[in-house]
Amino acid sequence: MSARFPDFRLGKVLATSFTGTLSERHGDAVERIPTPNRLVDWLAVSGLAVESCTSTQLERAWELRESIHAAATAAARRDPLPVSAVQVINDCSAQGRAAAVLTPEGNRQWRLSSTSSVEDALGVIAADAISIIAGERDGKLALCASPTCQAAFFDTSQSRTRKWCEMNTCGNRQKKARFNAYKHENPGSAK
Ligand SMILES: [Zn+2]
């Protein structure tokens with residue numbers, strides 16, 4: 001049923017997986033959570049299952065997403081953080097009532113409050129964004145080198161020289177573009 005919606009791109013970092021639900025921000029933007037139900041689906045696969053979602057809650061989620069994107073982009077550029085974005089992130093963080101719990105296997109999971117509301121889930125995402133932007137986690141915020149993407153991503157590679165938000169999408173596209181340009185300039189030389 002959900003096949004008619006764009007796929008999710010799930011990364012290992014919650015906050016930037018969330019900002020990745022809108023991709024190609026500087027090209028033909030793709031909205032991957034266009035409906036409240038699609039946000040419910042995304043939260044479920046991200047370990048933050050909620051009971052339901054209203055259109056107002058979806059709008060709040062979009063607002064948080066774009067605030068995280070703006071703040072993470074500023075942080076990657078070492079620019080001052082946008083005040084309004086910081087406000088939204090902080091408000092969402094304060095409104096959530098989720099608890100970190102330890103599983104018997106030693107993994108960390110999130111337990112939302114008894115109402116399992118979207119606000120609880122957004123609180124977890126906001127707190128995740130705060131930990132990255134504050135530089136508390138091992139990694140570096142960077143911007144995707146694809147001109148149509150420019151997504152902020154969290155580089156946890158050893159060398160901290162990752163160029164693209166995702167190798168499978170932006171990375172491959174850039175490589176193909178370079179290959180085609182090379183073929184054009186050197187006809188016959190590229191196999
Ligand atoms: Zn990208």
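This is a predicted model: local features need pLDDT of at least 70, side-chain atom pairs count only at pLDDT 80 or more; totals for chains, interfaces and linings use all residues.

Four donors count as tetrahedral if all angles lie between 85 and 135 degrees.

Q: Why is the arrangement around the zinc ion called tetrahedral?
A: The four donor atoms subtend angles of 103 to 119 degrees. The cut-offs are 85 and 135 degrees. The arrangement is therefore tetrahedral.

Q: What is the ideal angle for four tetrahedral donors?
A: The ideal is 109.5 degrees.

Q: What makes Cys144, Cys149, Cys165 and Cys170 donors to the zinc ion?
A: Each coordinates the ion through its SG atom, at 2.3 to 2.4 Å. A donor has to lie within 2.8 Å of the metal. The four SG atoms therefore qualify.

Q: How are the donor residues spaced in sequence?
A: The spacing is C-x4-C-x15-C-x4-C. Cys149 lies in the loop between β5 (140-143) and β6 (152-155), and Cys165 in the loop between β6 and α6 (167-185). The pair therefore ties together parts that are 16 residues apart in sequence.

Q: Which side of the burial cut-off do Cys149 and Cys165 fall on, buried or exposed?
A: Cys149 and Cys165 are both buried.

Q: Why is Cys144 called buried?
A: Its relative accessible area is 4%. Buried means under 20%. Cys144 is therefore buried.

Q: How many disulfides does a search of the whole structure find?
A: The search finds zero disulfides.

Q: How do you know that Cys92 is in no disulfide?
A: The nearest cysteine sulfur, that of Cys53, is 13 Å away. A disulfide needs two cysteine sulfur atoms within 2.5 Å. Cys92 therefore has no disulfide partner. Cys92 also counts as buried, because its relative accessibility is 2%.

Q: What makes α5 a helix with a span close to the expected one?
A: Helix α5 covers residues 118-133, which is 16 residues. From first C-alpha to last, the helix reaches 22 Å. The expected span, at 1.5 Å a residue, is also 22 Å.

Q: Why is Ile68 called buried?
A: Ile68 has a relative accessible area of 3%. The limit is 20%, so Ile68 is buried. This residue lies in helix α3 (residues 55-76).

Q: Which residues does Ile68 touch, leaving out those up to four places away in sequence?
A: Ile68 touches Ala15, Phe18, Thr19, Ile89, Ile125 and Ala129. Ile68 and Ile133 are 65 residues apart in sequence, with 9.0 Å between their C-alpha atoms.

Q: Why is Ala70 called partly exposed?
A: Its relative accessibility is 28%. Leaving out residues up to four places away in sequence, Ala70 touches Pro82 and Ala85. The C-alpha atoms of Ala70 and Pro82 are 7.1 Å apart.

Q: What makes β3 and β4 a pair?
A: Strands β3 (residues 99-102) and β4 (residues 108-111) share four bridges, in the antiparallel sense. Pairing needs at least two bridges. The strands therefore count as paired. Ala100 stands opposite Trp110, and the partner of Val101 is Gln109. Five residues lie between the strands in this hairpin, where Gly106 takes a positive phi near 90 degrees.

Q: What pattern does the protein chain follow along the sequence?
A: The pattern is α-β-β-α-α-α-β-β-α-β-β-α. That gives six helices and six strands. Of the 191 residues, 39% count as buried.

Definitions and conventions
Residues are numbered from 1 along each chain as its sequence is written. Side-chain values use heavy atoms; hydrogens and water are left out. Helices (H or I, at least four residues) and strands (E, at least two) are DSSP runs, numbered from the N terminus. The expected span of a helix is 1.5 Å times one less than its number of residues. Donors are N, O and S atoms within 2.8 Å of the metal (3.2 Å for Na, K and Ca); water is not among the atoms, so sites may look incomplete. Four donors count as tetrahedral if all angles lie between 85 and 135 degrees; four count as square planar and six as octahedral if opposite donors are over 155 degrees apart and all others between 65 and 115; anything else is irregular. Buried means under 20% relative accessible area, exposed over 50%, partly exposed in between (1.4 Å probe, protein chains only). Contact means heavy atoms within 4.5 Å.
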